[in-house]
Amino acid sequence: MENIGSLAILLAFCFALYAIAGSVAGKLKQRPFLVLSAQRAVYVVWFLVTVAAGIMVHAFVTDDFSFAYVASHSNRSMPTQYKVSALWGGQEGSLLFWSWLLSCYGMVAVFMNRRRHREFMPYTAAIIMSVQTFFLILNAFVVSPFKMLAVGALITAVPDGTGLHPSLQYPAMAIHPPMLYLGFVGFTIPFAFAMGSLITRQPGEAWIATTRRWTIVTWLFQSCGVALGAAWAYDALGWGGYWAWDPVENASLLPWFSATAFLHSVMMQEKKGMMKVWNMVLIASTFFLCIFGTSLTRTGLVSSVHAFAQSTIGNYFVTFLAVGIAATVYLILDRLPYLRSEAQLESVVSRESSFLFNNLILLASSFAVLWGTLFPIISEAVSGEKISLDASWFNRLMIPIGLFLLFLTGVGPLFAWRRTSVESLRRNFMMPGIASVLLVGALMAAGMRHFYALISFGFCLFVALTIFSEFYKGARAISAKNQMNFLAATVELTHRNTRRYGGYLIHMGIVLVFIGCSGAAFNRDITAEVGIGSSIALSPYTLKVADLKEGDNGNYLWHYAEVEVFRDGKHIDTLKPERRFYKANRTPLGQVAIRRRLNHDLYINFAASENQKATVQVYIFPLVNWIWIGVLVLVFGTLVALVPSKVKMQYARTEIVGIGKKYATVEN
Amino acid sequence: MKKYGKFGALVVVIVGTILWLATTGVGESKAYYKTIEEVGKMGGDVHTKRLRVAGDVEKGSIVRKVNIVEFTLEQEHRKLKVVYSGTDPLPDTFRDGAQALADGKMGADGVFHANKIQAKCASKYEAKPGQKSGEPQSYPKQVS
């Protein structure tokens with residue numbers, strides 16, 4: 001089996017090389033058959049990588065511990081779903097998984113465009129396959145997942161497997177890496193289209209139109225991946241944090257920032273033919289940040305709680321990044337004349353400028369986070385002293401940036417294209433502005449003094465009201481015209497322009513996330529050593545420890561405390577924080593108990609136990625659930641944006657300057 | 001050209017604010033990575049700078065008291081006594097023999113006062129690149 005797996009990877013590598021050579025040669029020499037065969041080679045690569053990944057999964061599910069990778073990442077007593085997810089539990093497997101996802105994306109992209117974009121598809125396929133080749137080199141020659149343990153006729157003792165790290169045996173964690181990977185790998189496709197279009201000097205925006213859905217879907221995966229990581233940290237790590245600005249967390253955020261900037265700035269290009277160079281730069285940075293993120297998590301470049309085994313693959317990644325970035329920069333510089341803007345900025349108070357600032361802020365965030373993450377390396381290179389920046393630095397910087405971005409989320413969509421009149425500014429912003437000021441005043445009167453929290457709540461209300469008013473105005477017009485009830489009119493409105501109203505829903509999700517994060521300003525906690533019968537007070541709750549129990553279930557030993565929760569003297573709930581000791585890899589793990597409510601979470605961590613005494617940490621996290629609700633709204637909004645609009649529209653070009661333009665239908 | 005002036009001014013204000021926040025924030029949140037040996041040689045600076053010291057947790061040295069945890073870090077036969085008094089619970093990976101990173105300041109009493117501890121679980125090893133699986137291994141297993 002392992003030989004077939006290795007062979008499949010090796011063959012896939014050869015076919016990927018053929019696909020690159022075939023596409024480029026076929027295009028240059030005008031040989032359609034060569035291009036076609038290269039296309040088919042892409043499908044073959046998918047098949048071969050699938051075989052290899054399938055063999056690996058099969059080995060996991062059947063507990064074949066002669067595979068070194070299976071032995072060190074799985075365990076007989078693990079539930080089957082975690083055996084499958086153990087595929088991406090370590091370096092070799094996750095890189096194989098990366099390769100497999102890329103081959104899937106590549107196959108779908110090539111298949112869907114097999115009859116379209118004949119001018120640049122060969123180059124697009126070649127670029128996808130170049131990235132594929134890089135990962136196949138890692139899979140085949142550097143960190144092969146098919147290393148075997150010496151098990152033969154004479155050696156009969158096959159170990160039981162040391163098990164997946166217990167903190168990863170957790171549902172959110174089983175799907176967090178694939179989500180993030182889908183988001184990381186997916187940006188290869190728009191990048192390849194962009195570069196293909198650039199190489200062949202395409203005048204139009206065909207690559208943007210073709211990859212629009214790819215980009216949105218990939219962005220959705222990335223958002224989910226980041227959110228699941230945060231949710232996992234909150235549920236599993238025992239201190240109730242969801243974001244600690246750890247290098248690996250940052251790595252997942254960097255491409256998200258630039259991808260978000262890209263999603264916004266392509267609208268400028270579609271509508272006004274502006275920011276063409278900028279979009280190229282953004283999609284390229286997103287792609288390279290994805291690769292960089294992968295390398296950060298896989299090579300231990302910066303020390304992190306996600307301590308990965310150190311390995312030599314760092315050099316491969318650095319080389320790939322250096323060559324890729326150099327080629328992209330050259331290509332963009334060389335093709336600058338083809339990327340000239342068709343319109344100019346006219347006013348500071350316009351939709352264009354709000355997009356510009358949105359981009360500036362997102363990119364600045366990305367750069368700031370990258371700077372902070374790499375600061376130990378930079379400072380060591382400059383001054384010889386390795387200096388790290390902790391979460392307080394990131395918070396100090398990112399909270400104001402985030403709040404400004406939130407503000408732009410509110411005002412941007414209400415600015416008109418080209419320029420906005422003072423009259424319309426007053427009409428649109430008067431009511432939300434006054435309401436927000438009133439809210440901040442009321443909160444201050446109620447005794448809230450936290451500056452950023454006040455600002456955040458004010459902006460949240462402001463943005464939420466502007467979004468509501470957009471829906472309200474549109475739906476009222478439709479319901480008056482078509483005699484529909486208001487709800488049906490809202491659905492109709494959204495359906496007419498799913499991208500716009502889906503976008504508003506995504507903004508609403510972001511507002512809710514901000515509300516949830518602002519709650520962190522009011523976190524409270526208490527730590528106590530308790531025995532059976534003792535109680536802890538953290539207003540408004542009184543907690544009484546009713547029982548401490550212990551036991552063993554094969555996979556792990558467990559202790560738990562039965563904590564009765566009282567509020568105003570009434571028993572309202574019983575929570576069971578638990579502490580486990582996983583036997584296979586001798587690792588302890590806390591299982592917190594959380595009482596989730598919309599206003600706040602009561603969060604209990606069983607920190608340690610000794611002689612019928614338990615150390616318990618109790619936290620109250622205000623508003624934290626709104627983060628997860630916000631993410632769900634964001635997902636819903638993104639799905640809405642993916643539904644085709646009922647009214648077929650092409651973005652109207654308000655000013656058409658230049659040549660080679662399609663006839664734009666004016667409908668907006 | 002007037003509007004470009006306005007644009008420029010806004011961009012400068014935004015970028016300037018970010019740079020100001022970034023540079024002034026460094027002072028309070030930077031920490032120096034030092035080995036135990038370097039800590040010993042730092043002299044007067046040692047009590048003012050925030051440090052991050054890595055090492056292995058000496059076997060049997062962990063003493064848990066109500067609000068603090070005491071232990072000894074070990075690196076190349078040099079030892080450093082550490083008192084942890086932070087509010088976050090210690091990570092599950094923190095125990096005898098684990099690789100730990102203590103973040104805090106050196107006290108006048110010669111004990112390192114940490115308010116943050118990161119630990120990597122040392123129970124599972126993965127071969128260092130270039131090492132065969134039979135040889136002693138020194139790198140910790142990944143956590144995620």
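Axes here are lines fitted to C-alpha atoms, for helices over the stretch in contact, and the angle between two helices is taken between their N-to-C directions, from 0 to 180 degrees. The model shown in these views is predicted.

**View 1. Helix 14 and helix 16 of chain A pack with their axes within 8 Å.** Helix 14 covers residues 391-411 of chain A and helix 16 covers residues 451-482, and their axes cross at roughly 20 degrees. Angles under 35 degrees count as roughly parallel, and helix 14 and helix 16 of chain A are therefore roughly parallel to each other. The crossing of these two helices of chain A is left-handed. On the side of helix 14, the contact includes Ile399(A), Leu403(A), Leu406(A) and Phe407(A). Among the residues they meet in helix 16 are Tyr452(A), Ile455(A), Phe459(A), Phe462(A) and Val463(A). Sorted by class, the contact of helix 14 with helix 16 of chain A holds nine nonpolar and four polar residues, and no charged ones.

**View 2. Helix 10 and helix 13 of chain A pack at an angle of about 160 degrees.** Helix 10 spans residues 247-272 of chain A, helix 13 spans residues 351-383, and their axes are 9 Å apart. Angles over 145 degrees count as roughly antiparallel, and helix 10 and helix 13 of chain A are therefore roughly antiparallel to each other. Their crossing is left-handed. The contact of helix 10 with helix 13 of chain A is made up of twelve nonpolar, ten polar and two charged residues.

**View 3. Helix 5 of chain A is largely enclosed by the rest of the structure.** This helix runs over residues 91-112 of chain A, 22 residues in all. From its first C-alpha to its last, helix 5 reaches 32 Å, close to the 32 Å expected at 1.5 Å a residue. Of its 22 residues, 18 are buried.

**View 4. Helix 19 of chain A has buried residues covered by helices and strands.** Helix 19 takes in residues 625-642 of chain A, and its 18 residues reach 26 Å from first C-alpha to last, close to the 26 Å expected at 1.5 Å a residue. Its buried residues include Asn625(A), Trp626(A), Ile627(A), Val631(A), Leu634(A) and Ala641(A). Gly630(A) and Gly637(A) in helix 19 are buried too. The cover over the buried residues of helix 19 includes helix 9 (206-236), helix 18 (498-518), strand 9 (593-596) and strand 10 (600-610) of chain A.

**View 5. Gln30(A) and Asp63(A) are loop residues of chain A.** Gln30(A) sits between helix 1 (2-28) and helix 2 (32-61) of chain A. Its phi is near 55 degrees, a positive value in a residue other than glycine. Gln30(A) has 8 C-beta neighbours inside 10 Å and so counts as exposed. Asp63(A) lies in the loop between helix 2 and helix 3 (68-73) of chain A. Asp63(A) is not a glycine either, and its phi is positive at about 55 degrees. With 18 other C-beta atoms within 10 Å, Asp63(A) is partly exposed.

**View 6. The peptide bond from Ser539(A) to Pro540(A) is cis.** Omega for this bond is near 5 degrees. Pro540(A) belongs to the loop between strand 3 (535-538) and strand 4 (541-552) of chain A.

**View 7. Chain B contains two helices and nine strands.** Along the sequence, the elements of chain B follow the pattern α-β-α-β-β-β-β-β-β-β-β. Chain B has 144 residues, and buried residues make up 28% of them.

How values were computed
Residues numbered from 1 in each chain as written. Chains lettered and ligands numbered in written order. Predicted model: local features only at pLDDT ≥ 70, side-chain atom pairs only at ≥ 80, totals over all residues. Helix = DSSP H or I, 4+ residues; strand = E, 2+ residues; numbered from the N terminus. Parallel < 35°, antiparallel > 145°, perpendicular 65-115°, else oblique. Left-handed = near helix turned anticlockwise from the far one by under 90°. Nonpolar A, V, L, I, M, F, W, Y, C, P; charged D, E, K, R; others polar. Expected span 1.5 Å × (residues − 1). Buried ≥ 20, exposed ≤ 12 C-beta atoms within 10 Å, placed from the backbone. Contact = placed C-beta atoms within 7 Å.
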